[in-house]
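Student: I would like to go through this model with you, one question after another. Could we take our time over the terms as they come up?

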Amino acid sequence: MLNVTIANAQWYEATGQAKVRNGDYKSAKTRALQDAVKQAMLFSGANVSSVQKISKGLLVDDQLQVQALGIVDQIEIVEERQSGDMFTITVRADIFAENEECHSSEFSKKVAITQFPIQHWADANIGNLYPLEKEIPRKIQTLLKNEANGIYPVTWLDKKLNVNNDFEQQGQMRHELIDAVANSANTQFVMFGRITDLSFGVETNDYKFWQDDKFERFFALDILVANALTHEVLYQNRYNTEAEWGIPKNQQVNVTSQNFWHDSYGVAIENLLSDMRNDLVAVFSCQKLQSKIMSVKDGGKIQLNIGRAQGVNIGQEYHVSYRADSIDDRNNLLTNFVVSPYRVRITQVYQNTAIAESLDSAFMNNVQVNDVIELKDWDDAW
């Protein structure tokens, strides 16, 4: 429950709430403050991928940097209150939103969404929530497809991946795993995830014997987004929520049914996924549209793995980049791209592929399959 108003041209006021879990009021206050700050930034038009870490209810730094479209210069706590098990904080934030938009935002970045394996398998037994491993990616795809411009999501549910060790590396992902999914799904980006918590908390119906048992049930997941062309981890975060679970513990549920998603637990999960969608929009908004060269054709033409669905049109021009990987002293592969002087122009467009012709006579002597093209910056001369 949020109430957002504009205080004046630069100051934004927002109210965030968080539920107290197991008597931990300090954590609830922190989460309420994070929520209020994030809502103020979103309302100002800033793209937010994460909120600065908060310590003892106050921001660690006086200035909070926001990805892409805004900067929060100052934050004031207007009011904080507790009512029952709900903590509420109202803040005023001085936000400077920049007018410049990412040029590449008109292009849709294609991202493959993998299965979200359940980390603690036994937790899913009550209610038979195992199918969430595929249903959560489908829900994310629907949210991004219907409500997120600039993202072209596809689900890649062919195989359940063991990603536990990768998530513990913080900012790294196995290159071969990224490549395997991206090549199979024909995407530039890959989203990996895992469901980390489906456990139960305290009973919530005050032990009234005439009522069915109701318990607090948690839901948490980790996500990681990587660029398959650079192997760079663009975003990694953990999301968590909780809601009342009133279904008898010996009853199985259908996680694809409207009954489940209209229940308080399903609603809480969908709200959590909506917050995730906002973060992902911010992550992708300023990413360059890139494509692999899939094949080299006669007559100075190449085939690309991007097309109309990603916003590609006839007449657009692109830089050509060459992959120049190196190995560090720990034997880790470091991916690097060198921008070449060569250019190509789109001549034919299909739904997910396109044909481009060379604008440089020397280009075809040097181009190779798996070289990368990047969107030309239209504001800069060649």
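Student: Over the ring of which residue does the charged end of Lys249 sit?

Tutor: This is a predicted model, in which local features need pLDDT of at least 70, side-chain atom pairs count only at pLDDT 80 or more, and totals for chains, interfaces and linings use all residues. Residues are numbered from 1 along each chain as its sequence is written, and side-chain values use heavy atoms, with hydrogens and water left out. A charge sits over a ring if NZ of Lys or CZ of Arg is within 6 Å of the ring centre and within 35 degrees of the ring normal. For Lys249 the distance to the ring centre is 4.8 Å, and the ring belongs to Phe200.

Student: How far apart are the ring centres of Phe200 and Trp245?

Tutor: Rings of Phe, Tyr and Trp (its six-membered ring) pair if their centres lie within 6.5 Å, and planes under 30 degrees apart count as stacked, over 60 as edge-to-face and the rest as tilted. A search of the whole structure finds seven aromatic pairs. In the pair of Phe200 and Trp245 the planes stand at 85°, so it is edge-to-face, and the centres are apart by 6.3 Å.

Student: Is Trp245 buried or exposed?

Tutor: Buried means under 20% relative accessible area, exposed over 50%, and partly exposed in between, with a 1.4 Å probe and protein chains only. Phe200 has a relative accessible area of 22%, so it is partly exposed. Trp245 has 1% relative accessibility, and therefore it counts as buried.

Student: In which helix does Tyr265, which pairs with Trp245, lie?

Tutor: The rings of Trp245 and Tyr265 have their centres 5.3 Å apart and their planes at 85°, so this pair is edge-to-face. Helices (H or I, at least four residues) and strands (E, at least two) are DSSP runs, numbered from the N terminus. Trp245 lies in strand β13, and the pair ties together parts that are 20 residues apart in sequence because Tyr265 lies in helix α6.

Student: Which residue has its charged end over the ring of Tyr265?

Tutor: Tyr265 belongs to one aromatic cluster with Phe200, Phe215, Trp245, Phe260 and Trp261. The charged end over the ring of Tyr265 is 5.9 Å from the ring centre, and it is that of Arg217.

Student: With which side chain does the side chain of Tyr239 make a polar contact of 2.6 Å?

Tutor: Tyr239 is found in strand β13 (residues 232-245), and it counts as buried because its relative accessibility is 6%. A polar contact is a pair of N or O atoms within 3.5 Å; within protein, one must be able to donate a hydrogen and the other to accept it, and residues adjacent in sequence count only if both atoms are side-chain atoms. The partner of Tyr239 in this contact is Tyr235.

Student: Why are the buried residues of helix α4 on the same side of the helix, and what arc do they cover?

Tutor: In helix α4 (residues 175-185) the buried residues are His175, Leu177, Ile178, Val181, Ala182 and Ala185. The arc is that of the directions from the helix axis to the C-beta atoms. These residues are on the same side of α4 because they cover an arc of only 165°.

Student: Which strand has the highest confidence in the protein chain?

Tutor: The predictor's confidence in each residue is its pLDDT, from 0 to 100, and the protein chain averages 78. Confidence is lowest in strand β3, at a mean of 35, whereas the highest value, 95, falls in strand β10.
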